[in-house]
Every structure is written in structure tokens, then in C-alpha cells.
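Here are some notes to go with the structure you asked me to look over. Keep the viewer open and click along as you read.

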Amino acid sequence: MKIYKAILVDDEHTALQNLKKKIEKVSDKIEVIATYQDPKEALKAINLHAPDILFLDIQMPGLNGFELLNSIEELKSQVIFSTAYGEYALEAIKKNAVDYILKPVDNKELKDAIEKAILNIEKENADQNANLVELLNKIIDRDHKLKVPTQKGISFIPQEEVIHLEGYDGYTKIHLMDGKTLTSSYSLGKFSDYLDDYFFKCHKSHIVNIKAVRAFENEGYVVIGEDYRVPITKTYKQAFLELFS
């Protein structure tokens, strides 16, 4: 009999231990190789071990279940959410052949979810993971966050905190309201696909947050904040001024 390896992630210790016990009770095909309360530590282990099945809570501090899943280098696991998350997301996830169980966990629902995951593994359903990644991008977009790959990992930045994106040599420097900057290996064009409507491309290498704009200078600059200037080309000047007409 084949044994499938599983990793459990939930920021609540009691919920984590209860789920582990229930899994051991309802299935003799699952080996829980690790449990994690810290989603960032869990991410390292998932990338290293690539478990067959991943049990994830959604609402966790620092990195929620959607963000954790979207940060995995190559998703190979069948995913089962254990959560009380909003119905809109659960229904979307269900349609994409990823199962979920509501807390408190029911033994029959857990057993059914495990059997479904094993069936998916045996069928080698690669399309499921592709659909899931697409779904996660939509959900994170709905939360108005940018997914920013950096040298340290991945940052999830609320779009309203971004004042300026600057492209150079295939990289993007992201300027934030608090004065901090992030540099990402993503190109400016890739970020532009995910930005809200209040961002405006004023130059081939610059996108600004219209809400942060304080002035336009005839010399060819957009002023953000007190004295932060971003170049604007003639090509985009008219369209920019029409935004304020």
C-alpha cells in the first residue's frame, strides 16, 4: 500500500494537533511528516520536501494560506484547506478541484477530502495546480496586493502603499509611501498587468500612483509628495492632464 506524505499548517497549536489526530484516525494512507504554526517556516519545508498533500489554514498572521500557496516554488501537492473562510473563496476553490473542510473538522468530510486528494494524485491531474495558481492570483489581486519577488523571498504589498514603480534593466524598483524601496526581478510590464486603475504609466520606465501626485511641472515632471519628481514624456502628457480635467 502506497503511503502519501502530508504537511499541516495552522497557526493554532490545538487545531493543528486535533487535525493530525483525526487524519491518523480516518486514513492509514497518510503519513504526517511535519506540522507548522509559522507559515514562513512551513514554506521552506514545502519547497524542500514537496509533500503529496498539504493541509492549510487560510487566516494566519504574516502570511495567509492563499499567499503561502502562491509563494511555493513549484506546486506539486494536493491542497486541502481547513478553514472557516468566506464562502465566495471556498466555492471558487471547490470549482477548481481543490477540496476544503470546515472547522470544527468532521471526520467524514476529512476522509472524503483525503480520498479525493489521493484520487487526484493517482490520476496525475496536472491541470488542477495550474487552475489553482490562477485562482490564487485572482484572490490576491482582489485584496489589492502586489506579489513582489525579492532576494529575501516574496513580499505582499498593499497597492495603496505604492507611489511609484521604476523599471530598469529588466528589474523594477518599487517606491513606497514610507520612503522604503523594494527591488524585484519582475519587469515593469509584468507589474502593470496587476495594478489598480489609479496607476498611470507616465514614461516607458515609470508608473505613478495618481492618488499620490501633488503637481505637474512643465519641464516634464510629475511631483509626488513634497519634492519627489518622476519624468513624464510628451507621449503621455495629454492623457495624464485629462485625468485631472
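1. Let's begin with the largest nonpolar core. This is a predicted model, and in it that core holds 21 residues. Val 9, Leu 54, Leu 56, Leu 68, Leu 69, Ile 72 and Phe 81 are the ones that touch the most other members. Who supplies the residues? β1 (4-9), α2 (39-49), β3 (53-56), α3 (65-71) and β4 (78-83) each put in at least two, and α2 gives the most, with four. As background, nonpolar side chains in soluble globular proteins tend to be buried together.

2. Now click on Val 9. Leaving aside residues up to four places away in sequence, Val 9 touches Leu 16, Tyr 36, Pro 39, Ala 42, Leu 54, Phe 55, Leu 56, Asp 57, Met 60 and Leu 68.

3. Time to zoom out to the chain as a whole. The chain has eight helices and 15 strands. Of its 245 residues, 44% count as buried. Take the contacts between residues at least 6 apart in sequence: 55% of them join residues at least 24 apart.

4. Next, the aromatic rings. There are eight aromatic pairs in the structure. Have a look at Phe 200 and Phe 240, a tilted pair with 5.6 Å from centre to centre and 55 degrees between the planes. Which parts does this pair tie together? Phe 200 is in strand β11 (residues 199-203) and Phe 240 is in helix α8 (residues 234-242), so the pair links parts that are 40 residues apart in sequence. Both Phe 200 and Phe 240 are buried. They also belong to one aromatic cluster, together with Phe 216, Tyr 236 and Phe 244.

5. Two lysines are worth a click as well. The charged end of Lys 190 sits over the ring of Tyr 186, 4.6 Å from the ring's centre. Lys 211 has its charged end over the ring of Tyr 198, 4.1 Å from the centre of that ring.

6. On to the largest pocket, which holds about 370 Å³ of space. Its lining is made of 15 residues, and those nearest the centre are Lys 40, Leu 63, Gly 153, Ile 154 and Ser 155. Which elements give two or more residues to this lining? They are α2, α3, β6 (145-150) and β7 (153-158). β7 gives the most, with four residues.

7. Is Ser 71 buried or exposed? Ser 71 is buried, because its relative accessible area is 9% and the cut-off for buried is under 20%. You'll find Ser 71 in helix α3. Not counting residues up to four places away in sequence, Ser 71 touches Leu 43, Ile 154 and Phe 156.

8. Most residues other than glycine have a negative phi. Ala 50 has a positive phi, near 45 degrees, and is found in the loop between α2 and β3. Asp 169 also has a positive phi, near 50 degrees, and its place is in the loop between β8 (162-168) and β9 (171-176). How exposed are these two? Ala 50 has 34% relative accessibility, so it counts as partly exposed. Asp 169 is exposed, with a relative accessible area of 74%.

Key. Residues numbered from 1 in each chain as written. Predicted model: local features only at pLDDT ≥ 70, side-chain atom pairs only at ≥ 80, totals over all residues. Heavy atoms only, no water. Core = buried A, V, L, I, M, F, W, Y, C linked by side-chain atoms within 4.5 Å. Buried < 20%, exposed > 50% of the residue type's maximum accessible area, 1.4 Å probe, protein only. Contact = heavy atoms within 4.5 Å. Phe/Tyr/Trp six-rings, centres within 6.5 Å; stacked < 30°, edge-to-face > 60°. Lys NZ or Arg CZ within 6 Å of the ring centre and 35° of its normal. 1 Å grid on protein atoms, 1.4 Å probe; cavity = no way out; pocket = protein on both sides within 12 Å on 5 of 7 lines; lining within 4 Å. Points joined across faces, edges and corners; volume = space filled by probe spheres on them.
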